[in-house]
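Hello,

I am passing a structure on to you, and I hope you enjoy looking through it. Please open it alongside this note.

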Amino acid sequence: MAGIQLVDGGAPTRGRVAIQMGGKWGKVCAGQFGAEEAAVVCRELGFSGGVATTRFPVGAPPYLIGRVFCTGSEARLADCKWVTTSTCPPGKAAGVVCSREWDQRAVAAAGSPAPWPCVASACTY
């Protein structure tokens, strides 16, 4: 993997995970994509953490990764085990909602819930 970015999320902290491999950009299928994988993606992009979701538009690029297996301690998604693919079930593009450390502290200090409702490592909004 040569690059990673979040697309179609409306903000730098959220979106569908797009990766660059062999000079092409493509999607990651959400099969096996959960809390550990989301944490790795968000940290790689400079955020303190995040949660996985499939709520972003699927978009046009092809799928490049079918399944990703991270422990959560990896520095980059490329350091995780992964399987290439060109297909994925409809609506199953992996996405993340990342957070900044100061966002988490401010929310905790205010005693407020997170700015988006997240349950069991999946976000809905």
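Here is what was found in it.

This is a predicted model, in which local features need pLDDT of at least 70 and side-chain atom pairs count only at pLDDT 80 or more, while totals for chains, interfaces and linings use all residues. Numbering starts from 1 along each chain as its sequence is written, and side-chain values use heavy atoms, with hydrogens and water left out.

The protein chain has two helices and nine strands (DSSP runs: H or I of at least four residues for helices, E of at least two for strands, numbered from the N terminus). Their order along the sequence is β-β-β-α-β-β-β-β-α-β-β. Of the 125 residues, 40% count as buried (under 20% relative accessible area; exposed is over 50% and partly exposed lies in between, with a 1.4 Å probe and protein chains only).

Helix H1 spans residues 35-44, and its buried residues are Glu-37, Ala-38, Ala-39, Val-40, Val-41 and Cys-42. They pack against several strands, among them E1 (3-11) and E7 (95-99), where contact means heavy atoms within 4.5 Å. After H1 comes Gly-46, with a positive phi near 95 degrees.

The whole structure holds two salt bridges (a side-chain nitrogen of Lys or Arg within 4 Å of a carboxyl oxygen of Asp or Glu). In one, Asp-8 pairs with Arg-16, their closest N and O atoms 2.7 Å apart; Asp-8 is partly exposed at 45% relative accessibility, whereas Arg-16 is buried at 3%. Another joins Asp-79 and Arg-76 at 3.4 Å, N to O.

Best wishes
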